[in-house]
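Please have a look at the sequence and the structure first.

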Amino acid sequence: MTILLDVDGICADLLTPWLEWIEDLDDGELTSVEDVPKWDLHEVYPKLGHRVYDFLDTPGLYTSLKPMPGAVHGVTTLRDAGHEVLFATAGSRSPQTAADKLTWLKEVM
């Protein structure tokens, strides 16, 4: 069986450092991951608008991300059971970010 997994929020914890970055940018109170109702962060932080997505252009972003709890074990379990695991993800805003994400997947997953 071939299994497709999303990267952001399923394999890589993108949201935790993103919220920390928003807090620094907004000089506001840190929102917990549990309090974010959707991925449309420009709607969650209307004062910042689409500037919230500038985080995705951070050099080396994916080289510093941690895996989601249980993600590595889950992927290993699926592979050990004979499944082919493929990763599906949205296109990156820059070629370097895409390269960093691929490197992260090779090293961590």
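## Helix α1

Helix α1 covers residues 15-26, and its 12 residues should span 16 Å at 1.5 Å a residue; the end C-alpha atoms are 16 Å apart, so the expectation and the model agree. The expected span here is 1.5 Å times one less than the number of residues in the helix. Helices (H or I, at least four residues) and strands (E, at least two) are DSSP runs, numbered from the N terminus.

Which residues of α1 are buried? They are Leu15, Trp18, Leu19 and Ile22. Looking down the axis of α1, these buried residues fall within an arc of 100°, so they line one face of the helix. The arc is that of the directions from the helix axis to the C-beta atoms. Buried means under 20% relative accessible area, exposed over 50%, and partly exposed in between (1.4 Å probe, protein chains only). Among the elements that cover the buried residues of α1 is α2 (41-44).

## A word on the model

This is a predicted model, in which local features need pLDDT of at least 70 and side-chain atom pairs count only at pLDDT 80 or more, while totals for chains, interfaces and linings use all residues. Residues are numbered from 1 along each chain as its sequence is written, and side-chain values use heavy atoms, with hydrogens and water left out.

## The chain as a whole

The protein chain has four helices and two strands, and along the sequence they follow the pattern β-α-α-α-β-α. Its C-alpha atoms fill a box of roughly 45 × 30 × 20 Å, taken along the principal axes. Of the 109 residues in the protein chain, 30% are buried. Among contacts with a separation of 6 or more, 67% come from residues 24 or more positions apart; contact means heavy atoms within 4.5 Å.

The protein chain carries 8 positive and 19 negative side chains, and the centres of the two sets lie 5 Å apart. Lys and Arg count as positive and Asp and Glu as negative, with His and the chain ends not counted. Each charge is placed at NZ of Lys, CZ of Arg, CG of Asp or CD of Glu.

Now for α4, whose 14 residues should span 20 Å at 1.5 Å a residue; its end C-alpha atoms are 20 Å apart, which agrees. The buried residues of α4 are Thr97, Asp100, Lys101, Trp104 and Leu105. They cover an arc of only 135° around the axis, which puts them on the same side of α4. What covers these buried residues includes β2 (84-88).

What does the face of α4 turned away from its buried side carry? There you will find the exposed residues Pro95, Lys106 and Glu107. Pro95 has a relative accessible area of 71%, which is why it counts as exposed.

## Beyond the helices

Met109 is found in the segment after α4 (95-108). Is Met109 buried or exposed? At 11% relative accessibility, Met109 counts as buried. Leaving aside neighbours within four places in sequence, Met109 is in contact with Cys11, Pro67, Ala71, Val72, Val75, Arg79, Phe87 and Trp104. Met109 and Ile22 are 87 residues apart in sequence and 27 Å apart in space, C-alpha to C-alpha.

Two loop residues round out the tour. Ser92 lies between β2 and α4 and, at 28% relative accessibility, counts as partly exposed. Leaving aside neighbours within four places in sequence, Ser92 is in contact with Thr97, Ala98 and Lys101. The C-alpha atoms of Ser92 and Asp57 are separated by 8.6 Å, although the two are 35 residues apart along the chain. Lys47 sits in the loop between α2 and α3 (71-80), and its relative accessible area of 68% makes Lys47 exposed. Lys47 and Ile10 are 37 residues apart along the chain, and 28 Å separates their C-alpha atoms.
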